[in-house]
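Biologist: I'm new to reading models like this one, so let's take it a piece at a time. I'll ask, and you show me how the answer comes together.

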Amino acid sequence: MQSGVLRVLRATAASWWRHRELRRTGQRALAQLLERQTVLRDLGYLKQAASLPNAHVICGEGGTFLHLGWTTVLTFAPIERFPLATLAVARGTPFIDIRPVTDVIAFANLPRVVRDGSVDPHSSGPGKSVSLATYIDMVEALGAGIANDPRPCRST
């Protein structure tokens, strides 16, 4: 594991208001324990993002989401203020920037990305799911920006 990744995760965990408050009230050992648990949890998320075929990061006006199959990690902030998602993208996780998308209704009607790797043969309608590559094709047609494109012959 790169020391830069650990440095960012440790600094992020130490900056949480609860951990700062614990240190301020003299509960330094508890703060350090919680920070260590947070860093280990986030490292697990990064490992999942690197190993799961449908893991991806989406950033829109409503916040940033790190989709890891059945798990989603989110914040109501842009990716620039979500270090875990920024690290995942820096390490190669596909990134879908939907902030330029203006047709919100069309975006809301898109199917979801499959969670467990199986592709739904009936990929239209509510509750349906498609592969990550198909989803990227659909959202890109709406004007979204793509980084770390997992589709063959398309990488930015």
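Biologist: At roughly what angle do the axes of helix α1 (residues 3–15) and helix α3 (residues 28–51) cross?

Modeller: Think of each axis as a line fitted to C-alpha atoms, for helices over the stretch in contact, with angles of 0 to 180 degrees between N-to-C directions. The axes of α1 and α3 come within 9 Å, and they cross at roughly 130 degrees.

Biologist: Before we go on, what kind of model is this?

Modeller: Residues are numbered from 1 along each chain as its sequence is written, and side-chain values use heavy atoms, leaving out hydrogens and water. Local features need pLDDT of at least 70, side-chain atom pairs count only at pLDDT 80 or more, totals for chains, interfaces and linings use all residues, and the model is predicted.

Biologist: Are α1 and α3 roughly perpendicular or oblique to each other?

Modeller: The cut-offs are under 35 degrees for roughly parallel, over 145 for roughly antiparallel, 65 to 115 for roughly perpendicular, and oblique for the rest. With the axes crossing at roughly 130 degrees, α1 and α3 are therefore oblique.

Biologist: Which residues of α3 make the contact with α1?

Modeller: Contact means heavy atoms within 4.5 Å. On the α1 side we find V5, L6, L9, R10, A13 and A14. Their partners in α3 are E35, T38, V39, D42, L43 and L46.

Biologist: Now helix α2 (residues 17–24): how is α1 placed against α2?

Modeller: A13, A14 and S15 in α1 meet W17, H19, R20 and R23 in α2. The two axes are 5 Å apart, at an angle of about 70 degrees. α1 and α2 are therefore roughly perpendicular.

Biologist: Let's zoom out. How many helices and strands does the protein chain have?

Modeller: Both kinds of element are DSSP runs, numbered from the N terminus: helices (H or I, at least four residues) and strands (E, at least two). Along the sequence the pattern is α-α-α-β-β-β-α-β-α-β-β-α-β. That comes to six helices and seven strands.

Biologist: D97 sits in strand β4 (residues 95–97). Is D97 buried or exposed?

Modeller: Not counting residues up to four places away in sequence, D97 touches C59, A144 and G145. Its relative accessible area is 16%, and the cut-offs (1.4 Å probe, protein chains only) are under 20% for buried, over 50% for exposed and in between for partly exposed. D97 is therefore buried.

Biologist: What do the buried residues of helix α4 (residues 83–90) pack against?

Modeller: Start with who is buried in α4: L84, A85, L87, A88 and V89. Those residues pack against α1, α3, β1 (56–60), β2 (63–68), β3 (71–75) and β4.

Biologist: And which residue just after α4 takes a positive phi?

Modeller: Look just past the end of α4. The phi there is about 110 degrees, and the residue is G92.

Biologist: What is the relative accessibility of T93?

Modeller: T93 is in the loop between α4 and β4. Leaving aside residues up to four places away in sequence, T93 touches A49, A55, H56, V57, A88, A147 and N148. T93 counts as buried, with a relative accessibility of 4%.
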